[in-house]
Amino acid sequence: MRLLAVSLLALSLLACGGSGPEPVSSREWVEYEMEGEVLELKDAEQMIAIIDHGQIGDWMGAMTMGFPIRDREQFEKLSEGAKIKAAVMARGHAEYYLDKIEVLEAAEERPTDTGESEQ
Ligand SMILES: [Cu+2]
């Protein structure tokens, strides 16, 4: 599933659209606060959460995209449908991941959920 993860990231990058070369200062890691809803979780080669997020500081407007998560303990706080608050650690627009995840509202029970995962 590596290909899927890679193309997903590529899509996010396209969607987020960097304009022109980034200044040297954007090579530093910057922390932004983010709130959003977890739509989908992927746990194959890389842990990724697809999140419908609100405005993220001056880094990015509201949209739906995939965020990698580096820490398994952080990833396991997430569930599909949950509303969360997290820190986006970003270095420019090309490198980013989620950290400091807090669940604001747990996922609602879904009667159609069979509990099966197709991963
Ligand atoms: Cu985005």
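**Fold, core and selected residues of the predicted chain**

Glu-76 counts as partly exposed because 13 C-beta neighbours lie inside 10 Å; a residue is termed buried with 20 or more other C-beta atoms within 10 Å of its own, exposed with 12 or fewer, and partly exposed in between, the C-beta atoms being placed from the backbone. The structure is a predicted model, in which local features need pLDDT of at least 70 and side-chain atom pairs count only at pLDDT 80 or more, whereas totals for chains, interfaces and linings use all residues. Residues are numbered from 1 along each chain as its sequence is written. Glu-76 is placed in the loop between α2 (72-75) and β4. A separation of 9.7 Å was computed between the C-alpha atoms of Glu-76 and Met-47, which stand 29 residues apart along the chain.

The chain contains two helices and five strands, where helices (H or I, at least four residues) and strands (E, at least two) are DSSP runs numbered from the N terminus. Their order from the N terminus is α-β-β-β-α-β-β. Of the 119 residues, 19% count as buried. Among contacts with a separation of 6 or more, 56% are accounted for by residues 24 or more positions apart; two residues are in contact if their C-beta atoms, placed from the backbone, lie within 7 Å.

In soluble globular proteins, nonpolar side chains tend to be buried together. The largest nonpolar core of this chain has 19 residues, a nonpolar core being a set of buried Ala, Val, Leu, Ile, Met, Phe, Trp, Tyr and Cys residues joined through C-beta atoms within 7 Å. Ala-49, Phe-67 and Leu-98 touch the most other members of this core. Two or more residues are given to the core by each of β1 (30-43), β2 (47-53), β3 (63-69), β4 (83-91) and β5 (95-105). When neighbours within four places in sequence are left aside, Leu-98 is in contact with Ala-49, Phe-67, Ile-69, Gln-74, Ala-86 and Val-88.

Strands β4 and β5 pair in the antiparallel sense over eight bridges; two strands pair if DSSP finds at least two bridges between them. Ala-90 has Tyr-96 in β5 as its bridge partner. The two strands β4 and β5 form a hairpin with three residues between them, and Gly-92 in the turn has a positive phi of about 65°. A positive phi, of about 50°, is also found at Lys-100, although Lys-100 is not a glycine. Lys-100 lies in strand β5 and is partly exposed, because 14 other C-beta atoms are within 10 Å.
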